[in-house]
Amino acid sequence: MVSYKAGVNLGGWISQYKVFSKEHFDTFITEKDIKIIAESGFDHVRLPFDYPIIESDDDVGNYKEEGLFYIDRCLKWCKKYNLGLVLDMHHAPGYRFQDLKTNTLFENPDQQKRFIDIWRFLAKRYIDEREHLGFELLNEIVEPDSSRWNKLMLECIKAIREIDPTRWLYIGGNNYNSPDELKNLADIDDDYIVYNFHFYNPFFFTHQKAHWSESAMAFNRAVKYPGHYEGIEEFVKENPKYDFMLELNNLKLNKELLRKDLKSAIEFRDKKKCKLYCGEFGVIALADLESRINWHRDYVGLLEEYDIGGAVWNYKDMDFEIFNGEGKPISEELIYILARKKI
């Protein structure tokens with residue numbers, strides 16, 4: 001497998017979809033989109049999928065060809081345009097990063113078996129599709145600590161390895177795939193593991209006014225990059241429950257801050273001598289375009305400096321779009337940066 005460098009997430013298609021419908025799945029991502037991604041200079045896509053696409057709760061173990069069709073077709077298109085594909089389980093039986101209060105995967109043996117069986121099935125199905133296809137076991141784990149994820153992850157790797165010893169597997173750590181949590185993952189003696197993290201720092205810039213974040217909505221200010229947060233003291237005075245934000249007062253939002261926040265991932269890689277991959281990074285489209293371009297230039301520059309591949313969130317829609325609904329880039333300069341043509 002080629003070491004993937006510049007990728008794009010296909011969020012909102014067969015994961016986090018607004019509506020579960022054939023019309024949506026048939027039209028949201030088409031061959032034209034994959035062609036646009038390839039011609040823009042990217043070398044892979046990350047394809048999030050939700051398990052209901054391929055398995056129904058009332059028919060466990062019988063995998064749905066009508067859903068698998070979309071994964072098959074995307075892989076076919078990627079091969080046609082010489083793109084790699086990272087297949088990422090975004091929603092597993094009993095686990096989704098948006099449902100922290102109701103998740104049951106880590107205490108439910110039946111759901112854990114389903115999770116492992118899905119990957120066992122996919123390993124068998126795609127046994128001959130190795131050059132273009134890697135597996136990311138689970139998106140953005142959020143647990144009190146890494147112990148339960150480590151146990152399940154090791155069991156899942158073992159099950160896959162009984163079928164396919166050399167499939168590239170992408171493993172992320174706790175706390176939404178935080179770089180700081182990589183060090184708490186179980187030690188895996190396996191030459192075909194890529195360690196995956198996500199990067200959305202500084203949060204109140206990349207997620208400014210994000211409607212799904214209570215704290216971002218409360219702060220509710222436009223933030224520029226490079227720059228600093230304005231009005232922190234005044235905000236905390238009016239909203240004392242956000243007093244943790246006082247440490248952000250006078251913080252300089254710049255490339256050196258990003259470097260500092262990336263440091264734990266680099267230290268992990270240097271100590272373990274392993275492959276690193278940033279499966280998601282990006283800036284909400286509510287930020288001004290110049291700031292978005294500046295942040296991506298700095299962050300992709302760091303990924304290049306430290307030789308780390310990654311995939312930007314998100315191709316279109318999902319509040320972080322880099323292309324519009326017609327497949328036109330929101331900024332040619334941004335696409336050049338993300339495809340690593342110009343930094």
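User: Over how many bridges do strand 8 and strand 9 pair, and in which sense?

Analyst: This is a predicted model, and the pairing is taken from it as it stands. Strand 8 covers residues 275-281, and within the pairing Tyr277 stands opposite Gly309 in strand 9. Strand 8 and strand 9 are joined in the parallel sense, and the number of bridges is two.

User: Which helix belongs to the β-α-β unit that strand 8 and strand 9 make, and what is the hand of that unit?

Analyst: The two strands pair in the parallel sense, and the unit they make contains helix 11, residues 289-305. The helix asked for is therefore helix 11, and by the clockwise criterion for the crossover the unit is right-handed.

User: Which residue of strand 9 is the bridge partner of Val8?

Analyst: Strand 1, residues 6-9, runs parallel to strand 9, and three bridges join them. In strand 9, the residue that partners Val8 is Val312.

User: Which residues of strand 9 point the other way from Gly309 and Ala311, and are the residues of this strand buried or exposed?

Analyst: In a regular strand the side chains alternate between the two faces of the sheet. Strand 9 spans residues 309-312, with Gly309 and Ala311 pointing one way, and every one of its residues falls in the buried class, for which the cut-off is under 20% relative accessible area. Pointing the other way, and likewise buried, are Gly310 and Val312.

User: Which element gives the largest share of the lining of the largest pocket?

Analyst: The largest pocket has a volume of about 1100 Å³ and is lined by 31 residues, with Glu140, Tyr176, Phe203, His207 and Trp212 lying nearest its centre. By class, this lining divides into 11 nonpolar, 12 polar and eight charged residues. Helix 6 (174-177), strand 7 (193-199) and helix 10 (255-272) each supply at least two of the lining residues, and the largest share, three residues, comes from helix 6.

User: And which element gives the largest share of the lining of the second largest pocket?

Analyst: The second largest pocket, with a volume of about 300 Å³, is lined by 13 residues, of which Pro202, Phe203, Glu247, Leu248 and Leu251 lie nearest its centre. Two or more lining residues come from helix 7 (203-206) and from helix 10. The lining comprises eight nonpolar, two polar and three charged residues. Its largest share, three residues, is given by helix 10.

Conventions
Residues are numbered from 1 along each chain as its sequence is written. This is a predicted model: local features need pLDDT of at least 70, side-chain atom pairs count only at pLDDT 80 or more; totals for chains, interfaces and linings use all residues. Side-chain values use heavy atoms; hydrogens and water are left out. Buried means under 20% relative accessible area, exposed over 50%, partly exposed in between (1.4 Å probe, protein chains only). Helices (H or I, at least four residues) and strands (E, at least two) are DSSP runs, numbered from the N terminus. Two strands pair if DSSP finds at least two bridges between them. On a 1 Å grid over the protein atoms alone, a cavity is a set of points where a 1.4 Å probe fits but cannot get out, and a pocket is an open set with protein on both sides within 12 Å along at least five of seven lines; lining residues have an atom within 4 Å of a point. Grid points are joined across faces, edges and corners, and a volume is the space filled by probe spheres set on the points. Ala, Val, Leu, Ile, Met, Phe, Trp, Tyr, Cys and Pro count as nonpolar, Asp, Glu, Lys and Arg as charged, and the others, Gly among them, as polar.
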